[in-house]
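Good morning, colleagues. I shall take a few minutes to discuss helix packing, and I ask that you keep the display in view as I speak.

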Amino acid sequence: MGKLGKKARKFAKKNLQSVLKRQRKVKTFFKKKASKRDEKAQVEDSDGEREEKYSGRNNEVEDFKDISLDAVFDEDDSDMDGDDSDSDGYLSEDTSCSYNGETRIENHLEEYNGDDDLSVQKKEIHLELAKKMKRLNNLKAKDPEFAKFLESNKEHLQTLRDEENYSDEEESDEDGRESTNEMGKWNSSTVDSLCKLVKEQNNVPAFVRLLNGYRAACHYGSESPTIVEDSHTFSKILTFMFHEADNIFRKILGISESNDRKEAILELKNTSKWKTLKPIVKSYLRSTLFLLNEVTDSQILAFTLTRLRASIVFFAAFPLLLGRLVKISVHLWATGKGTLSACSLLIIKDVATVFNSNCFETCMIKAYKAFIDHCKFVEPVLFKHQQFLKSSFIELCSQDLQKAYNKAMVSIQQLAKILQLGLRTKKKEAVKKICSWQYANCVDLWVAFISLNIRDYDLQPLLYTIIQIINGVAVLFPGPRYMPLRVKCVQWLNALSVSSGVFIPITSLVLDILEYKIGKESSKPGKDFSFSSAVKLPKHWLKSRNFQDECFFSAIELLAVHFAQWSYHISFPDLATIPLIYLRKFHELTTIESLRRVVKRFIDQVEQNIEFVRKKRDEVTFSPNDQQSAESFLQLEKSGGNAPFTKYYASVIEKAGSRNLVMNGKISSLEQKKSKGKRQQIPKNAMDVDLTVNAEGNSH
């Protein structure tokens, strides 16, 4: 066969199958090479995306760590506690001191009291200083040589400051203040003579001297030298001032003892009497607050708070001291116990009542933050105190429901935000934050607040939001180790349902508890464990008989509360149908006779109540659409407690109470052991003991 011509070869290249096949092979070869390069590029891109996604998740977790339960109140918390720039030295003991408005004290006050804009100017100065400090820090960061220059001239600046401070001290001494050295040492007879002059002759210079002695006593141990000679003198000064100071102030100003209106002080603001008396009152209040910060003995603290409470109206003239009082009172309320905590609560409530408005919000925010800080852990020995903190906080909120409602909404929304992040990410940090006593106690706090007030006020938005949060927590933690937390969730829902009258389904959550599988009991005993102080169970507890009993009795008690609420409702037979099916199945499958007896009795009682309601329902003449008649169904029987399930429910609650008593007995024994192990709290100084004895003697 001869060679093909030019045209034939062109035709063959274009149309013959062998040529097309070879061309296809070449194309696929180059495609493979290109695809490998593309795959590498895609892999790099996907790795970059993964890194971005991973870093995004990390950022989300980091953001989650930064979210705190009280972060929403940082901006709203206008802290009244500030730096009081007025001198805290001793008052002048000039014998010419009187209340005629011509004294050196009055002249001294006119310089500071004449202008109401002084506090505004102070704030502006502080803001300006803060801006300048920020700029200075930025300059140091940008220019290291500038920072070195400042360091080299630091000593020279310090000497200039010392000279200024020294000159200020000389001016203040010339302005009518006296040093401790000039006052000399005080003994018991000196105090007795001064007290006699004040009581019998209303001698003002003697009272000012006593006030200086009171200041020295309050600062005992923090200043040296001191004018107080011994513990007996110390206790006499403090006791006299606690009992007489408020009466003297009110007598001079003409304010009755029952007058606790802040307007009573504000109206006297421009009078000569108040201008003269103001530094004396301020010295007393400041010294008392200083004492509250220094003393550690709970009896002295409680007694001091009780006496300071009588003078609370005078804080109207001193906003900075008022903020300090709130801060100290909230701290003692949260950390103290018994009488001390109760006295601190009375101070907080009085401040919120007398000064209302912003003071109420400040008290509430500080108390809420203190509650959160002290409920991170629930130990048996702290359980009673934490319950007191919860109930007293709700009592404080009840003083102004509108403002409390706003703060509650903000706090509950923060709880919902934390839960949403946990449900979306399901990261370890998120789960740990939600499955904690701090989160649970916050939910418990607002559940109690809503339950107490929902009948009298419209709290429906709070109710629905908190129900969603509780259901979300139950969904997030379905496992048997989280059984205590799920029991708490059902208890919260039951409490909300009983208080609001709204039907909240809880049977599915309760029946899930009954379906927990119990592992084979371990031969090795686990560590001691308190069920009441955990939201998550240790693994060894899941293999114990105690866990099975706790699951069963908790489920029966929770269902009993739910059924008791609706035992007189017209829909009770329908409501109890599905739970009865599960309980009958449980009765057939369980092999423990003691549990079989309890569940059999529960089923019988529910069936009797179903029959009772069904008979009454068959007798009615109204239609199911008649909502009003359906709501009034069996109300007469309900008031008499005639339903069969009512008596059974009483016995269930009684047995549950006995189980709790056993737990409380363990708690009390733990408290006794802990109290014996602790050393007795030593007062800050030896003089505290004498004051306690003297204060108790004078209080009778």
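Predicted model: local features only at pLDDT ≥ 70, side-chain atom pairs only at ≥ 80, totals over all residues.

H13 and H15 are roughly parallel to each other, a label given to angles under 35 degrees. Residues are numbered from 1 along each chain as its sequence is written, and side-chain values use heavy atoms, with hydrogens and water left out.

Helix H13 covers residues 298–310 and helix H15 covers residues 339–373; they pack at about 25°, with their axes 9 Å apart. Axes here are lines fitted to C-alpha atoms, for helices over the stretch in contact, and angles run from 0 to 180 degrees between N-to-C directions. Helices are DSSP runs of H or I with at least four residues, strands are runs of E with at least two, and both are numbered from the N terminus. Among the residues making the contact are Leu 301, Leu 305 and Arg 309 of H13, together with Leu 340, Ile 347 and Asp 350 of H15; contact means heavy atoms within 4.5 Å. By class, this contact has 7 nonpolar, 4 polar and 2 charged residues. Ala, Val, Leu, Ile, Met, Phe, Trp, Tyr, Cys and Pro count as nonpolar, Asp, Glu, Lys and Arg as charged, and the others, Gly among them, as polar.

I turn to a second pair. Helix H17 (residues 401–425) and helix H19 (residues 437–453) pack at about 145°, with axes 11 Å apart. Their contact includes Ile 412 and Leu 415 of H17 and Trp 446 and Phe 449 of H19. It divides into 13 nonpolar, 2 polar and no charged residues.

Next, a single position. Ile 328 lies in helix H14, residues 319–335. Is Ile 328 buried or exposed? At 6% relative accessibility, Ile 328 counts as buried, the term for under 20% relative accessible area, with exposed over 50% and partly exposed in between (1.4 Å probe, protein chains only). Leaving aside residues up to four places away in sequence, Ile 328 touches Leu 289, Leu 292 and Asn 293. The C-alpha atoms of Ile 328 and Leu 292 are separated by 7.5 Å, although the two are 36 residues apart along the chain.

As for helix H23 (residues 545–566), 17 of its 22 residues are buried, so H23 is largely enclosed by the rest of the structure.

Finally, the whole protein: it has 30 helices and 0 strands, and 42% of its 700 residues count as buried.

How values were computed: Parallel < 35°, antiparallel > 145°, perpendicular 65-115°, else oblique.
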